[in-house]
Amino acid sequence: MKNTARGSLLAALLVVGIVAGPSVLPAGAHAPASRSATAASEPAPDDPRPALEAAIAGLPSDDATAALVRVGGREGVWRGSSGVHDLRSNRPADPDARFRAGSVTKVFTAAVALQLAAEGELDLDRSARSYLPELIPASYAGVTVRQLLNHTHGIPAPDFPGTTVEEAYANRFRLYDPEDMVRSATSKEREFAPGERQHYLNIGYTIAGLLIERVTGDSYERQVARRVLKPLELSGTCSPETNPRIVGRHNHGYQRMRLADGTTGLRDVSVWGATDAWAAGDIVSTTADLERFTQALFAGRVVRGPLLEEMFTLPEVADFSTGKPAAYSVGLSMKVLGGREVWGKTGGRWGYNAAVAATRDGSRTLVYSVNATDAKGQDMNKVAESLMVAAFGRP
């Protein structure tokens with residue numbers, strides 16, 4: 001699209017759409033002048049509103065029970081919510097609700113690690129073992145801090161009890177110790193030599209969380225709060241630590257699984273511990289907070305200077321499973337959508353999918369929370385996929 005089309009979108013998107021079911025209702029902000037209002041009534045060619053509205057219309061559905069969406073940036077603003085707070089009351093979904101952000105947590109962890117690198121506390125080219133000699137065995141002595149953060153370390157996943165969602169549900173209150181998870185993972189043979197392939201796993205960020213604690217002498221949670229949450233005033237974001245509940249207002253999450261009577265249906269999974277993910281995926285947040293964080297990060301206000309480029313640099317290796325070029329950088333991933341690079345991170349916890357995404361220049365940003373009934377499934381949730389395509393275009 002040419003710049004003229006993108007410029008006209010700014011006026012067109014000043015009207016906010018709130019979806020409270022199958023219909024779209026105007027609410028919140030209004031165009032500041034009649035000229036803008038006219039532009040809004042005739043969507044620009046690059047106007048994503050119709051596709052965004054369609055993506056979250058008709059909830060709850062088989063794919064999701066609720067969705068919260070924020071599109072921002074210089075190209076325009078759109079807000080939307082759809083679905084229900086819970087399936088018992090059928091009250092409309094709370095657009096300001098907290099939710100489990102899953103692996104979006106990795107962006108926060110990477111940002112803190114890069115801040116520490118800028119301060120000389122962490123060396124990205126130094127081995128993880130040199131910081132944690134009692135935990136990382138000699139067989140993984142060659143793994144560097146950077147390789148932990150860009151998933152080129154070759155360390156396999158730790159062992160967890162069970163392989164099905166039903167078994168995971170039965171262990172939902174189990175507490176996992178990060179060091180035990182590292183011991184489990186590093187007791188196995190490496191998947192590949194460090195730096196030779198890329199395999200997206202949580203374990204690198206579990207070790208990164210421990211590195212943050214070792215070099216600061218402080219807890220991972222307090223470092224994230226001090227370095228990111230408080231400076232950006234992200235009051236709706238926190239680590240639940242060992243609490244299995246989402247503290248504060250939240251829309252319920254549901255997961256499709258086998259029920260006690262042998263049938264398959266939806267189970268409320270809103271209460272579920274996240275210690276198995278920790279620094280790789282436990283954060284609870286809001287769409288407003290994640291939008292503010294994304295815009296600040298891409299503008300260089302969270303990670304400053306040359307180290308920010310680590311988040312926008314893909315390692316020149318192949319994916320371990322597919323053989324395709326690496327898609328993950330330090331903290332983020334990249335996909336070409338609508339003919340331009342879109343950087344961001346998706347996340348999934350049972351009953352919840354989330355994402356942050358933006359063009360490199362921050363001209364368009366997307367944040368969503370989708371209460372997916374197939375969260376952590378093999379394929380991307382249909383509602384979440386539709387939102388990504390609506391905001392940025394097709395691959």
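The following exercises, each with a worked solution, examine one predicted model.

Residues are numbered from 1 along each chain as its sequence is written. Because the model is predicted, local features need pLDDT of at least 70, side-chain atom pairs count only at pLDDT 80 or more, and totals for chains, interfaces and linings use all residues, while side-chain values use heavy atoms, with hydrogens and water left out.

**Exercise 1. The chain as a whole**

Task: State how many helices and strands the chain has, and what percentage of its residues is buried.

Solution. Step 1: The chain has twelve helices and 14 strands; helices (H or I, at least four residues) and strands (E, at least two) are DSSP runs, numbered from the N terminus.
Step 2: Of the 395 residues in the chain, 57% are buried. Buried means under 20% relative accessible area, exposed over 50%, and partly exposed in between (1.4 Å probe, protein chains only).
Step 3: Among contacts in the chain with a separation of 6 or more, 69% link residues 24 or more positions apart; contact means heavy atoms within 4.5 Å.

**Exercise 2. The sheet and its edges**

Task: Give the strand order of the open six-stranded sheet and identify its edge strands.

Solution. Step 1: The order is β4-β3-β14-β13-β12-β11, with antiparallel pairing; two strands pair if DSSP finds at least two bridges between them.
Step 2: β4 and β11 (333–337) are the edge strands, each pairing on one side only.
Step 3: From one strand to the next, the twist averages 20 degrees.
Step 4: Helix α11 packs on this sheet and touches β3, β4, β12 (340–349), β13 (352–359) and β14 (365–372). The direction of α11 makes about 145 degrees with that of β14; axes are lines fitted to C-alpha atoms, for helices over the stretch in contact, and angles run from 0 to 180 degrees between N-to-C directions.

**Exercise 3. Strands β3 and β4**

Task: Describe the pairing of β3 with β4 and determine how enclosed β4 is.

Solution. Step 1: Strand β3 (residues 64–72) runs antiparallel to β4, and six bridges join them.
Step 2: Across this pairing, Ala66 stands opposite Gly83 and Ala67 stands opposite Ser82.
Step 3: The hairpin of β3 and β4 has five residues between the strands, and Gly73 takes a positive phi near 105 degrees there.
Step 4: Six of the six residues of β4 (residues 78–83) are buried, so this strand is largely enclosed by the rest of the structure.
Step 5: Thr65 lies in strand β3 and, at 1% relative accessibility, counts as buried. Beyond residues up to four places away in sequence, the contacts of Thr65 include Ser82, Gly83, His252, Tyr254 and Asn371.

**Exercise 4. A second hairpin**

Task: Characterise the hairpin of β7 and β8.

Solution. Step 1: Strands β7 (residues 254–258) and β8 (residues 264–268) run antiparallel and are joined by five bridges.
Step 2: Gln255 has Arg267 of β8 as its bridge partner.
Step 3: Five residues lie between the two strands, and Gly262 in the turn has a positive phi of about 90 degrees.

**Exercise 5. Helices α9 and α10**

Task: Classify the packing of α9 against α10 and list the residues that make the contact.

Solution. Step 1: The axes of α9 (residues 203–216) and α10 (residues 220–229) are 9 Å apart, and the helices pack at about 80 degrees.
Step 2: That makes α9 roughly perpendicular to α10; angles under 35 degrees count as roughly parallel, over 145 as roughly antiparallel, 65 to 115 as roughly perpendicular and the rest as oblique.
Step 3: From α9, Gly209, Ile212, Glu213 and Thr216 make the contact, and from α10, Tyr220, Glu221 and Gln223.
Step 4: Eight of the ten residues of α10 are buried, and these buried residues pack against α4, α9 and α11 (287–298).

**Exercise 6. The nonpolar cores**

Task: Locate Val302 and describe its surroundings.

Solution. Step 1: The largest nonpolar core has 73 residues, and Val302 is one of those with the most contacts inside it, as are Phe108 and Ile207. A nonpolar core is a set of buried Ala, Val, Leu, Ile, Met, Phe, Trp, Tyr and Cys residues joined through side-chain atoms within 4.5 Å.
Step 2: Helix α4 (residues 105–118) contributes the largest share of this core, nine residues.
Step 3: A second, separate core has 25 residues, including Ala55 and Met388.
Step 4: Val302 is found in the loop between α11 and β10 (318–319) and counts as buried at 4% relative accessibility.
Step 5: Apart from neighbours within four places in sequence, Val302 is in contact with Ala111, Gln115, Val228, Leu232, Phe293, Ala296 and Leu297.
Step 6: Val302 and Leu232 are 70 residues apart along the chain, and their C-alpha atoms are separated by 8.7 Å.
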